[in-house]
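Colleague: Could we go through this model together, with the cut-offs spelled out as we go? I would like to work from side chains up to the overall layout.

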Amino acid sequence: MTKRLILAAAAILLLVGCGQKSEMDKFVDNLLSEMTIEEKIGQLNLHSASGFISALRVTEEDENVKMLRAGQLGGLYGTSNVEYLTEIQKIALESGHGIPLIFGLDVIHGHETVMPIPLAMSTSWNMDLIENATRIAAKEASAMGVNWVFSPMVDIARDARWGRIAEGGGEDPYLGGEIAKAYVYGYQGRTGIFSDHDVLACVKHYALYGAAEAGRDYNTVNYGRQEILNGFMNPYKAAAKAGAGSYMSSFNEFEGIPATMNSYLMDDLLRKSWGFDGFIVSDATAVMEEVAHGIGDLQEVSARSLKAGLDMDMNSDGFVGTLKKSLDEGKVSKADIDRACRRILEAKYKLGLFDDPFKYLKPERVAAEVFTKENRDFSRKVAQECQVLLKNDGVLPLKKNARIAVVGPLADDSSAMNGTWSMSSHAGESISILQGIKDAVTNPSNVSYAEGSWLFRDKDLEENIKYGMIKYFMPNYAVPALHTVPQERMIAEAVAKARAADVVVACVGEVPNMNGEGSSRADISMPDAELELLKALKATGKPIVMVLTTGRPLTLLWEDENMNAILNTWSEGSEAGHAIADVLFGDVNPSAKLTTSFPRMVGQLPLYYNHKNTGRPHPDYEPYRKFTSCYIDVVNAPLYPFGYGLSYTTFEYGEPRLSANEMAADGSVKVSVDVKNTGSMDGKEIVQLYIHDIYATSTRPVKELKGFQKVDIKAGETKTVEFTLTAEELSYYDHELNWVCEPGDFEIMVGPNSRDTKAVVLTVN
Ligand code: BGC
């Protein structure tokens, strides 16, 4: 922190301490005293920029311009078109009290320079990397008018059927909390003062959106308070503690009340318990969706949402259309409206928009700061650390002079590399896997290519997946013809290329629209046409490296048995192909580890490592036994556990050691372990620390992650990795929802993943 910032922060603390009003309070008080009630309600209204998809122009006929002139808009979202945003900001300044608009956008994993999807980034377990990737996104977006990003998504997800698992940090609340902080710091900076490269984060989807029943998007959530506090809420809390400026309420309900009008979630927990003092915006049309939830008409749900703590209504026109009437009828008070309006004005003040409404509208920054070589290079570096090696029988790394057949529908698909939510990306400019491989080999003519297969046998399904999204926004869009070449002919071509090669790189998995919003799957196996291709390739007897593109865990039992190697590359962004080639050829040793369990069968879902034991526990890998908690047809264990991922080298773990076998509740102990790189290549290892509270007044999970470190270990070298445990890591929310560290014995476990841990016992007095 610079000296100037420290002085400013000290001055604020002093003012607060003396009960004096800050400059911001005085400014906002004054503005509020001058605004009409209609203008205040207008500040609570957020719209998407007209022509969300098509070209944007500011015209007087535009609905948003009309509303703005009537003082009925507080912000716009959905574009980073600098000219448009500049024009519309000018209109905002000419209207009413000239309050600048806030401009939001879904900057989810990078902006024009696309970073790996969030689930991929989480598998790096590298918080500096995530923070720096996010800073680049903030820098690019802020150069293009955006001052508010709808990220991070920190929803814990235990069910891979849910398509939006791609947008989050996986299944673990501790790791999720660390990731949430990294994103908030990346977007907002760490000083608490917004420079013109810092943007306001919006933590979503508050809360429990990832806990949707049966993994079906938008579905009901059926967990109790103790389980949500222990298993799901930590990332939201961590983001609040890191100073996140805004939250987005979620579509789902909790305890029979839609999250968007849930005062327990918004007021009791987020504001009162965690001290959040920013504003809460609804998710898109979430206010009007409360009508379909069965709560009441638009007026009723708008009034209840405001009273429960919602400040801004995205795309429902519920606030702007009904709050005045509700005020007149006594259903909401002036204080309710003032409170919400104050929070919006404060956010604009903190962003510096009252000082300079054009602070983020500096077109000259675009060429110098957006989609630059430097940013793309960094994206490649990030992607190198986000590839999970799931299997390797020794075929990897590949030789650069080998004859390689690159096949599969995802081999030469540049746009699929960007993944879900990459609308600001440069279409077609991301590096495909084929391109990356060609750029890396000694002689590109040794690389052959065949598309190899359709995605699905069912053409309508494939069409719906590929074009459903674009047709939703543009119903008249002419969908290109699919399945024009017979599947059998495509497979035959790929097989011929495979036979002529030394090794096959099969690029298969999900195209982006198979995950993300509104893309739940009941069957999470490899699309059937692609599986046919894999089976035909297998029959050639050639070694096969499966390069998996996906936004969720898939069921890969057959692939695990039959492929020589599986490299899970998710969707890696702008430099995907280069980063993937870096790993395939061993220029980079893979180091990522899963943050979600990979089930064997979809029927195991929800599947998560930090589950409870039950009264009739059944060992994870043992076959069916009647009257124990297991399945007839599959073992309980996942195929690939949480925390799992291979390297080109091997690591050997010693026994964990404690600095003391007993710990006072207010004390601490050190846990250390020796980790040796026993292979011949330098590598990075993610060392994981888990605990298990053996007896507690409530049932506790069999394992809970409480620490991790990513360490570089040279070939042959041994490193001692040390963690500190305090009561904080050993505490949980008990039956009465108190945060307690209960005395007794804890298993303290260390290992390379959640399965292969070694334990020692610690007694807490
Ligand atoms: C999504 C949000 C997103 C919003 C605005 C919604 O459909 O759930 O994640 O931020 O749209 O685009």
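Colleague: Is Lys593 buried or exposed in this predicted model?
Modeller: We sort residues by relative accessible area: buried is under 20%, exposed is over 50%, and partly exposed is in between (1.4 Å probe, protein chains only). The relative accessible area of Lys593 is 3%. That is under the 20% limit, so Lys593 counts as buried.

Colleague: Before we go on, what pLDDT must side-chain atom pairs have to count?
Modeller: Residue numbers start from 1 along each chain as its sequence is written, and side-chain values rest on heavy atoms, without hydrogens or water. Because the model is predicted, totals for chains, interfaces and linings take in all residues, but local features need pLDDT of at least 70 and side-chain atom pairs count only at pLDDT 80 or more.

Colleague: Which side chain meets Lys593 in a salt bridge?
Modeller: A salt bridge here needs a side-chain nitrogen of Lys or Arg within 4 Å of a carboxyl oxygen of Asp or Glu. Lys593 has such a pairing at 3.1 Å, N to O. The partner is Glu685.

Colleague: How many residues apart are Glu685 and Lys593?
Modeller: Helices (H or I, at least four residues) and strands (E, at least two) are DSSP runs, numbered from the N terminus. Glu685 sits in strand β21 (residues 683–693), while Lys593 is in the loop between α23 (576–584) and β17 (651–653). The pair links distant parts of the chain, and the separation is 92 residues.

Colleague: Which helix holds both Lys90 and Glu87?
Modeller: These two side chains also form a salt bridge, at 3.3 Å from N to O. Lys90 is partly exposed at 38% relative accessibility, and Glu87 is partly exposed at 37%. They are 3 residues apart, about one turn of the helix, and that helix is α5 (residues 82–94).

Colleague: How many salt bridges does a search of the whole structure find?
Modeller: Another example is Arg69 with Glu60, whose closest N and O atoms are 2.8 Å apart. Arg69 is partly exposed at 39%, and Glu60 is partly exposed at 43%. For the whole structure, the search gives 48.

Colleague: What is omega for the peptide bond from Tyr206 to Ala207?
Modeller: Tyr206 has contacts (heavy atoms within 4.5 Å) that include Met233, Tyr247 and Trp274, leaving aside neighbours within four places in sequence. The bond from Tyr206 to Ala207 is cis, with omega near 0 degrees.

Colleague: How much accessible area does the nonpolar patch with Tyr472 have together?
Modeller: Patches are made of residues with over 30% relative accessible area and no salt bridge, where nonpolar side chains (Val, Leu, Ile, Met, Phe, Trp, Tyr) are joined within 5 Å and like charges within 9 Å. Tyr472, in helix α19 (residues 459–473), is exposed at 66% relative accessibility. Areas come from the Shrake-Rupley method with a 1.4 Å probe, and for residues only the protein chains shown count as cover. Together with Met423, Met469, Phe473 and Met474, Tyr472 forms a patch of about 540 Å².

Colleague: Finally, what distance separates the centres of domain 2 and domain 3?
Modeller: The bounds come from an automatic or database domain assignment. The division gives domain 1 (24–365), domain 2 (387–584) and domain 3 (649–764). Taken over C-alpha atoms, the centres of domain 2 and domain 3 are separated by 38 Å.
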